[in-house]
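User: I am new to this structure and would like to learn how to read its features. Please take me through them one at a time.

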Amino acid sequence: MDLLDHKTPLTSREAISSELASIVERFSPIDGEHRVAIPSLTFWRFSAPSKEESAFSKVALIFAAQGAKTVTAGDMSYDYDSERCLVTSIDIPIIGRVTKASREKPYLCFSFEIDMEKVAHLVATRELPLPDETPLGLGISVGDLSLDLLDAAYRLARLLDTPKHIPVLAPLIEQEIIYRLLMSSQGMRLRHALVADSRAFKVAKAVEWIKAHFDVPMRIDDLAEHVNMSVSSLHQHFKEATALSPLQYQKRLRLFEARRLMLKRASDVGIVASMVGYDNQSQFHREYKRLFGAPPMQDAMRLRAES
């Protein structure tokens with residue numbers, strides 16, 4: 001008899017949070033990012049408060065099974081912990097800082113990447129109502145983590161202890177998580193991105209285009225035409241959703257991809273700069289250092305030493 005067969009259901013928030021923290025800690029034995037056998041899940045662990053670090057958040061549900069963190073996007077800050085969750089409705093650049101962590105009680109993060117195709121399928125097949133158009137706003141929010149959502153997250157993570165059940169049960173629990181998010185106040189942002197020809201839909205379409213072409217020169221006129229918006233409207237609503245202009249967003253994508261390549265032990269900074277679309281190596285060095293706090297090679301060596 002395995003875990004699925006005899007595990008007694010938990011009913012209190014404290015018990016569920018404690019069990020979830022235990023799972024995250026077991027699958028995150030050292031500080032840093034940890035991919036697990038469920039592709040939608042990523043765990044993070046930090047044994048002390050951290051300095052500010054630039055990152056790129058995908059569309060996701062994020063909360064701390066233990067500890068707390070502050071995330072900044074644009075000029076707004078958002079705090080989350082084991083009772084409040086962060087939801088991003090668009091791929092968005094953020095600055096994060098772990099605020100509550102210790103060696104005895106490390107910060108343990110549960111991050112669930114939301115597949116917008118699954119969101120669209122669920123909305124369509126279950127005939128969930130789409131919202132009327134409202135002002136776009138920044139594609140990030142913090143709200144209360146309901147007991148039902150926490151419980152679904154715990155049950156998804158618990159599958160890691162019985163890998164044979166993952167292929168069948170994980171998709172069902174993932175659908176439940178998405179459904180519960182859609183029915184929450186934070187889910188409205190996800191629903192807006194599905195309203196055909198809404199501003200949120202067009203901005204999301206622009207983001208996908210930039211991600212697919214980040215390493216080539218971009219003409220704003222072409223991007224605006226691709227998403228059926230005027231140039232001025234694209235600029236305005238794109239910045240409302242991401243806190244960056246389209247060109248700034250492309251630059252940020254280039255720098256994060258460059259960092260990923262440097263971490264793979266690339267030794268030629270010039271080649272990396274060219275691979276991500278820079279034709280001026282000095283500009284690449286300058287902009288990389290401005291974002292990550294150190295030149296490319298020095299930053300990569302530091303990150304390798306910490307991993």
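**Pockets and sheet**

Analyst: The model is predicted. Its largest pocket has a volume of about 1800 Å³. Among the 48 residues lining that pocket, Glu 33, Trp 44, Ser 54, Ala 55 and Phe 56 are the closest to its centre.

User: What is the volume of the second largest pocket, and which residues lie nearest its centre?

Analyst: The second largest pocket holds about 510 Å³ of space. It has 19 lining residues, and Val 59, Met 116, Glu 117, Ala 204 and Glu 208 lie nearest the centre. Helix α7 gives the most to this lining, with six residues. The lining divides into 10 nonpolar, one polar and eight charged residues.

User: How do I read a sheet, and what is the strand order here?

Analyst: Strands of a sheet pair through backbone hydrogen bonds, in a parallel or antiparallel way. Here four strands form an open sheet in the order β3-β8-β5-β6, with antiparallel pairing. β3 (53-57) and β6 (76-80) each have a single partner strand, so one side of each has no neighbour in the sheet.

User: Over how many bridges do β5 and β8 pair?

Analyst: Strands β5 (residues 68-73) and β8 (residues 92-100) pair over five bridges. Val 71 has Gly 96 in β8 as its bridge partner. Helix α10 (residues 246-263) lies across β3 and β8, at about 105° to β3.

Notes
Residues are numbered from 1 along each chain as its sequence is written. This is a predicted model: local features need pLDDT of at least 70, side-chain atom pairs count only at pLDDT 80 or more; totals for chains, interfaces and linings use all residues. Side-chain values use heavy atoms; hydrogens and water are left out. Two strands pair if DSSP finds at least two bridges between them. Helices (H or I, at least four residues) and strands (E, at least two) are DSSP runs, numbered from the N terminus. Contact means heavy atoms within 4.5 Å. Axes are lines fitted to C-alpha atoms, for helices over the stretch in contact, and angles run from 0 to 180 degrees between N-to-C directions. On a 1 Å grid over the protein atoms alone, a cavity is a set of points where a 1.4 Å probe fits but cannot get out, and a pocket is an open set with protein on both sides within 12 Å along at least five of seven lines; lining residues have an atom within 4 Å of a point. Grid points are joined across faces, edges and corners, and a volume is the space filled by probe spheres set on the points. Ala, Val, Leu, Ile, Met, Phe, Trp, Tyr, Cys and Pro count as nonpolar, Asp, Glu, Lys and Arg as charged, and the others, Gly among them, as polar.
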